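Me: Could you walk me through this one? I'd like to go over a few local features, one at a time.

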Amino acid sequence: MLPSLFISHGSPMLALNPTPAHQFLRELGKTLAPKAVVVVSAHWESLALKVSNTAWPETIHDFGGFPQALFECQYPAPGEPELAERLAALLGAQSVERGLDHGAWVPLSLMFPKADIPVVSVSLPIRWSNQALAELGSKLATLRDEGILVIGSGSLTHNLYETMPMGSTMPDWVGEFADWVDSKLASNDRDALLDWQDAPEARRNHPTPEHFQPLLVAMGAGGDAKQLHHSVEHGVLAMDVYAFA
């Protein structure tokens, strides 16, 4: 059975810059052989829950101010409309056309560079409670028995107002929050994680919640957590990856 994953996707430049997180995702993909991927990205926010039924999702460059080489990146993985329609029925979600935003295609382009594994996107219903997001994950858990990889793509910490140059030392307030999350995941204290906004420095690390919420979905879709990777980019972007087996 495949685990569910939480992946910190950081800056879109993760696709091009050979950082430790970039290199880790390249190696991680070599250990996995899913039949399909279902991804919940922080960059597809919605009110009602939606599922993408697109047969050939476009690569969405939903960012600005980056080098032209990044805008030339394409990730032509197929969708899987049949799986999408089944998910829409299972989740009571709207079935819509949607491409792959950078929260989906950037990490997937590193993990599965051949772009030959079908990808179905599920939106992030940002006004849902933390408990409801975890329950969304639990509804996706059965996919793991079918060889389908469930990914929540966000960022363990995500304060873009305080980003620093690459190579900067991680501030204490970032480490304090990251350590708190890791300790609660290691001890399987899901009640604490469902109240993560009460964690030390939570608001400073997440001025808005959408980059943490995919972790709750991944957590709900799996079992015990294991930290697979930790690094920090731009001082304040913790690039942690967790597997929920």
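This is a predicted model: local features need pLDDT of at least 70, side-chain atom pairs count only at pLDDT 80 or more; totals for chains, interfaces and linings use all residues.

Me: Let's begin with Ser-4; where does it sit, and is it buried or exposed?

Reply: Ser-4 belongs to strand 1, which covers residues 4-8, and with a relative accessibility of 0% Ser-4 counts as buried, because the cut-off for that class is under 20%.

Me: And which backbone oxygen lies 2.7 Å from a polar atom of its side chain?

Reply: That is the backbone oxygen of Ala-218, at 2.7 Å from a polar atom of the Ser-4 side chain.

Me: Switching to strands, how many residues of strand 2 are buried?

Reply: Nine of the 11 residues in strand 2 (residues 36-46) are buried, so the strand is largely enclosed by the rest of the structure.

Me: Which strands does it pair with, and in what sense?

Reply: Strand 2 pairs in the parallel sense with strand 6 (residues 148-154), over six bridges, and the pairing of strand 2 with strand 5 is parallel too, again over six bridges. To place these pairings on residues, Val-40 stands opposite Gly-152 in strand 6, while Glu-45 stands opposite Leu-124 in strand 5.

Me: OK, aromatics next; how many aromatic pairs does the count come to?

Reply: The count comes to five aromatic pairs. One of them joins Phe-177 and Trp-196, whose ring centres are 6.4 Å apart with the planes at 70°, so this pair is edge-to-face. Since Phe-177 lies in helix 6 and Trp-196 in the loop between helix 7 and helix 8 (202-205), the pair ties together parts that are 19 residues apart in sequence.

Me: Are those two buried or exposed?

Reply: Phe-177 and Trp-196 are both buried. Phe-177 also pairs with Phe-212, where the ring centres are 5.9 Å apart and the planes are at 65°, so that pair is edge-to-face as well. Here the partner Phe-212 lies in the loop between helix 8 and helix 9 (213-221), so the pair with Phe-177 of helix 6 ties together parts that are 35 residues apart in sequence.

Me: What relative accessible area do Phe-177 and Phe-212 have?

Reply: Phe-177 is buried with a relative accessible area of 0%, and Phe-212 is likewise buried at 0%.

Me: Which residues do ring pairs link into a cluster?

Reply: Ring pairs link Phe-63, Phe-66 and Phe-71 into a cluster.

Me: Now backbone angles; which residues have a positive phi although they are not glycine?

Reply: Ala-115 has a positive phi of about 55° although it is not a glycine, and Asn-188 is another non-glycine residue with a positive phi of about 55°. Ala-115 lies in the loop between helix 4 (102-111) and strand 5 (119-125), whereas Asn-188 is found in the loop between helix 6 (172-186) and helix 7 (190-194).

Me: Buried or exposed, those two?

Reply: Ala-115 counts as buried at 9% relative accessibility, while Asn-188 is partly exposed, with a relative accessible area of 39%.

Me: Last one: where is Gln-131, and how far is it from Asp-191?

Reply: Gln-131 is found in helix 5 (residues 130-140) and counts as partly exposed at 39% relative accessibility. Gln-131 and Asp-191 are 60 residues apart in sequence, and their C-alpha atoms are 9.2 Å apart in space.

How values were computed: Residues are numbered from 1 along each chain as its sequence is written. Side-chain values use heavy atoms; hydrogens and water are left out. Helices (H or I, at least four residues) and strands (E, at least two) are DSSP runs, numbered from the N terminus. Buried means under 20% relative accessible area, exposed over 50%, partly exposed in between (1.4 Å probe, protein chains only). A polar contact is a pair of N or O atoms within 3.5 Å; within protein, one must be able to donate a hydrogen and the other to accept it, and residues adjacent in sequence count only if both atoms are side-chain atoms. Rings of Phe, Tyr and Trp (its six-membered ring) pair if their centres lie within 6.5 Å; planes under 30 degrees apart count as stacked, over 60 as edge-to-face and the rest as tilted. Two strands pair if DSSP finds at least two bridges between them.
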